[in-house]
Amino acid sequence: MRWRHLPSFTRLHTPSHAYNTYVMIDVIDAPFIRSAGLSDLSAIRQQQRVCFGADAYYWWTLLGLLLTPGTVSLKALQNNKLVGFIAAEANPFDGCGWIVTVGVLPEFQGYGFGAALLQAAERQLNPARMRLTVRVGNQRALRLYERLGYRQCGTRPRYYADGEDGWVMEKSCAAETRA
Ligand SMILES: CC(C)(COP(=O)(O)OP(=O)(O)OC[C@H]1O[C@@H](n2cnc3c(N)ncnc32)[C@H](O)[C@@H]1OP(=O)(O)O)[C@@H](O)C(=O)NCCC(=O)NCCS
């Protein structure tokens with residue numbers, strides 16, 4: 001049972017739990033998704049430690065993401081607390097948008113924050129194609145990405161520090177998010 005009582009949380013999903021039956025909302029206007037800024041750095045560092053452990057980005061990398069013009073940095077809020085973070089940027093070499101990092105605090109996972117952050121980043125960056133890299137064993141993230149339209153388009157052998165392979169996944173955003 002995924003539905004837990006989360007006071008004052010806006011439900012993103014229909015109660016049927018059926019996939020592909022999401023309530024149509026404009027995630028850019030979702031009040032719980034906001035632009036992240038320098039004042040969020042400490043909370044984002046904590047989110048990175050909790051979500052990614054040894055894979056967490058260093059604080060200066062996060063600072064760079066928050067300061068780089070054109071990088072989309074969004075936070076998910078619950079009762080004014082940062083519970084999720086995403087950063088995405090355009091890569092000038094391959095012309096794609098890339099999800100740099102996305103993570104939701106464990107106690108807030110399964111409520112739709114991850115999907116909302118991804119869709120908001122896609123819409124704000126507005127690339128023709130969005131890509132990301134994910135651990136081959138990260139089943140939860142893989143299911144979410146596939147549900148949102150991402151498909152494997154490459155493999156990065158031993159991409160992660162512990163030797164695990166990464167899958168590169170890509171989504172065409174042309175029809176869905178571009179103006
Ligand atoms: C991957 C991650 C970002 C997903 O965030 P999330 O907020 O849990 O994502 P969502 O809630 O949008 O969707 C996740 C699942 O919950 C389900 N779900 C979401 N809200 C639901 C609801 N209200 N009722 C029932 N199911 C729900 C979704 O269908 C999905 O199901 P699945 O696991 O079977 O695919 C999160 O698990 C995370 O931070 N993991 C650790 C860091 C990480 O691995 N990041 C990705 C690196 S590439």
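Of the 179 residues of the protein, 28% count as buried, a residue being buried if 20 or more other C-beta atoms, placed from the backbone, lie within 10 Å of its own, exposed if 12 or fewer do, and partly exposed in between. This is a predicted model, in which local features need pLDDT of at least 70 and side-chain atom pairs count only at pLDDT 80 or more, while totals for chains, interfaces and linings use all residues. Residues are numbered from 1 along each chain as its sequence is written.

The protein has four helices and seven strands. Helices (H or I, at least four residues) and strands (E, at least two) are DSSP runs, numbered from the N terminus. Read from the N terminus, the order of elements is β-α-α-β-β-β-α-β-α-β-β.

**The sheet**

Seven strands form an open sheet with mixed pairing, in the order S1-S2-S3-S4-S5-S7-S6; two strands pair if DSSP finds at least two bridges between them. At the edges are S1 (33–35) and S6 (151–156), each of which pairs on one side only. From one strand to the next, the twist averages 30°, where axes are lines fitted to C-alpha atoms, for helices over the stretch in contact, and angles run from 0 to 180 degrees between N-to-C directions.

Two of the pairings are set out below.

| Strands | Sense | Bridges | Residues opposite each other |
|---|---|---|---|
| S4 (residues 97–104) and S5 (residues 129–135) | parallel | two | Gly-97 and Met-130 |
| S6 and S7 (residues 166–172) | antiparallel | five | Arg-151 and Glu-170 |

**The helices**

Helix H3 (residues 113–125) lies across S1, S2 (72–78), S3 (81–90), S4 and S5, and runs at about 35° to S3.

Helix H1 (residues 41–52) and helix H2 (residues 59–67) have axes that come within 10 Å and cross at roughly 125°. H1 is therefore oblique to H2, since angles under 35 degrees count as roughly parallel, over 145 as roughly antiparallel, 65 to 115 as roughly perpendicular and the rest as oblique. H1 contributes Leu-41, Ile-44, Arg-45 and Gln-48 to the contact, and H2 contributes Trp-59, Leu-62, Leu-63 and Leu-66; two residues are in contact if their C-beta atoms, placed from the backbone, lie within 7 Å.

**Contacts along the chain**

Among contacts in the protein between residues at least 6 apart in sequence, 58% join residues at least 24 apart.
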